[in-house]
Amino acid sequence: MKPVFTSHNIRLDDGTYTRPDAPEGFFAQGSHADLLYWSESVKNMLNLIYPQKNKSKISLVDLGCLEGAYSVEFARMGFNVTGMEVRDSNFACCQYVKDNCNLPNLKFVQDNVQNISNYDAFDISYCSGLLYHLHNPREFLEKLAVKTKKVLILQTHFSLENLDPKGFYNGALSQNTFHEGLFGRWFSDRPENLTKEQLDEARWASFDQSKSFWIDKNDLIALLKMLGFNTVLEQYDHFEEQVKTKRSSQCHMEFNSKNISEFLRNEYPRYMRGTFYAVRS
Ligand SMILES: C[S@@+](CC[C@H](N)C(=O)[O-])C[C@H]1O[C@@H](n2cnc3c(N)ncnc32)[C@H](O)[C@@H]1O
């Protein structure tokens with residue numbers, strides 16, 4: 001039986017999609033997961049770093065992979081991909097996708113990302129929508145850096161010292177504070193004391209603890225350098241898609257900018273989310 005997909009609209013080998021009724025502009029532009037806002041820009045960067053046609057010897061881990069859309073996209077590029085997901089509900093979707101896509105270079109493991117130290121190192125770590133769900137993000141990044149041979153990609157929320165008065169997350173964010181030696185803010189991620197079933201059903205939320213720590217953007221960049229990545233970049237081009245569609249991946253946010261420069265001035269400080277690359281070059 002097909003499990004319920006909450007977000008990723010993935011093209012399967014028979015031409016059908018995992019969320020055929022996905023609303024236009026919400027997570028899927030034109031209702032196709034392979035046009036996800038960030039997917040194309042990340043793929044462009046990976047092709048710049050790894051221009052070779054045969055990518056089968058390059059390993060990539062997709063951490064907190066949800067329903068597997070990004071893992072599938074990277075496997076279709078030819079990378080040797082491991083998608084890691086902890087929740088039963090999400091993992092069932094990953095398995096369904098695996099069964100319906102002929103991609104021998106794609107596998108999914110059901111595990112907590114905190115166990116990353118138990119794995120062999122990967123050439124590329126793709127960490128999208130996960131870091132800001134963690135209580136101790138620095139400890140996790142330190143473990144992940146050890147297991148990342150060349151490229152760490154972070155698609156993540158961050159904190160800013162001064163919140164925009166119209167910030168999308170202001171109500172859920174604490175005052176500025178220090179945690180793990182980093183500046184940032186606590187975020188109320190999900191209710192505490194969920195039953196095992198409720199925790200599984202909170203499909204996009206933090207898994208281990210109800211409060212997560214959003215690292216200040218400046219400290220995040222400095223930390224990536226400290227972890228031994230000599231090149232650290234932020235990517236902006238994907239915001240064009242968000243400007244066009246007027247939506248973020250979260251349906252409660254509407255963007256009104258006309259172009260990237262307006263977006264960066266007005267909406268980026270409210271959204272507090274970006275794509276960062278840390279590369280051993
Ligand atoms: C907001 S979703 C992001 C999903 C996907 N990476 C994306 O960008 O669309 C967060 C994902 O991380 C998973 N997750 C949260 N904590 C985790 C943990 N400790 N170990 C593994 N997965 C975790 C959740 O189950 C969920 O699939």
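Which residue follows H6, and what is its phi? Gly228 follows H6, and its phi is positive, near 100°.

This is a predicted model: local features need pLDDT of at least 70, side-chain atom pairs count only at pLDDT 80 or more, and totals for chains, interfaces and linings use all residues. Residue numbers start from 1 along each chain, in the order its sequence is written.

**Figure 1. The whole chain, with 8 helices and 10 strands.** Helices (H or I, at least four residues) and strands (E, at least two) are DSSP runs, numbered from the N terminus. The radius of gyration is 18 Å, close to the 19 Å that the globule rule gives for 281 residues, so the chain is as compact as a globular protein of that length. That radius is taken over C-alpha atoms, and the globule rule is 2.2 Å times the number of residues to the power 0.38. The C-alpha atoms fill a box of roughly 50 × 45 × 40 Å along the principal axes. Of the 281 residues, 38% count as buried. Buried means 20 or more other C-beta atoms within 10 Å of a residue's own; exposed means 12 or fewer; partly exposed is in between; C-beta atoms are placed from the backbone. Among contacts with a separation of 6 or more, 65% join residues 24 or more positions apart. A contact requires two C-beta atoms, placed from the backbone, to lie within 7 Å.

**Figure 2. Helix H6 (residues 217-226) and its buried face.** Lys217, Asp219, Leu220, Leu223 and Leu224 are buried. Seen down the helix axis, the buried residues fall within an arc of 160°, so they line one face of H6. The arc is that of the directions from the helix axis to the C-beta atoms. An α-helix has 3.6 residues a turn, so residues three or four places apart point the same way.

**Figure 3. Helix H4 and what covers its buried residues.** Pro137, Arg138, Leu141 and Leu144 are the buried residues of H4. Down the axis of H4 they fall within an arc of 125°, so they line one face of the helix. Their cover includes strand E4 (122-128), strand E5 (148-157), E7, E8 and H6.

**Figure 4. The shell around the ligand.** The ligand is surrounded by 19 residues. Gly64, Leu66, Val86, Ser128 and Gly129 are the closest. The shell divides into 8 nonpolar, 8 polar and 3 charged residues. Ala, Val, Leu, Ile, Met, Phe, Trp, Tyr, Cys and Pro count as nonpolar, Asp, Glu, Lys and Arg as charged, and the others, Gly among them, as polar. Leu66 sits in the loop between strand E1 (59-63) and H2. Leu66 is not a glycine, yet its phi is positive, about 55°. Leu66 counts as buried, with 25 C-beta neighbours inside 10 Å.

**Figure 5. The largest nonpolar core, with 56 residues.** Such a core is a set of buried Ala, Val, Leu, Ile, Met, Phe, Trp, Tyr and Cys residues joined through C-beta atoms within 7 Å. Leu60, Leu63, Tyr126, Cys127, Leu152 and Ile153 touch the most other members. Helix H2 (residues 69-77) gives the most to this core, with 5 residues. Leaving aside neighbours within four places in sequence, Tyr126 contacts Leu60, Val61, Asp62, Leu63, Tyr70 and Ile153.

**Figure 6. Val97 in helix H3 (residues 88-99).** Val97 is buried, with 26 other C-beta atoms within 10 Å. Not counting residues up to four places away in sequence, Val97 touches Ile10, Thr18, Glu67, Gly68 and Val72. Val97 and Asp13 are 84 residues apart in sequence but 9.4 Å apart in space, C-alpha to C-alpha.

**Figure 7. Helix H8 (260-271) and the loop to E10.** Ser261 lies in H8. Ser261 is exposed, with 12 other C-beta atoms within 10 Å. Its C-alpha atom is separated by 9.6 Å from that of Phe239, 22 residues apart along the chain. Met272 lies in the loop between H8 and E10. Met272 is buried, with 21 other C-beta atoms within 10 Å. Phi of Met272 is near 55°, a positive value in a residue other than glycine.

Key:
Near = placed C-beta within 6 Å.
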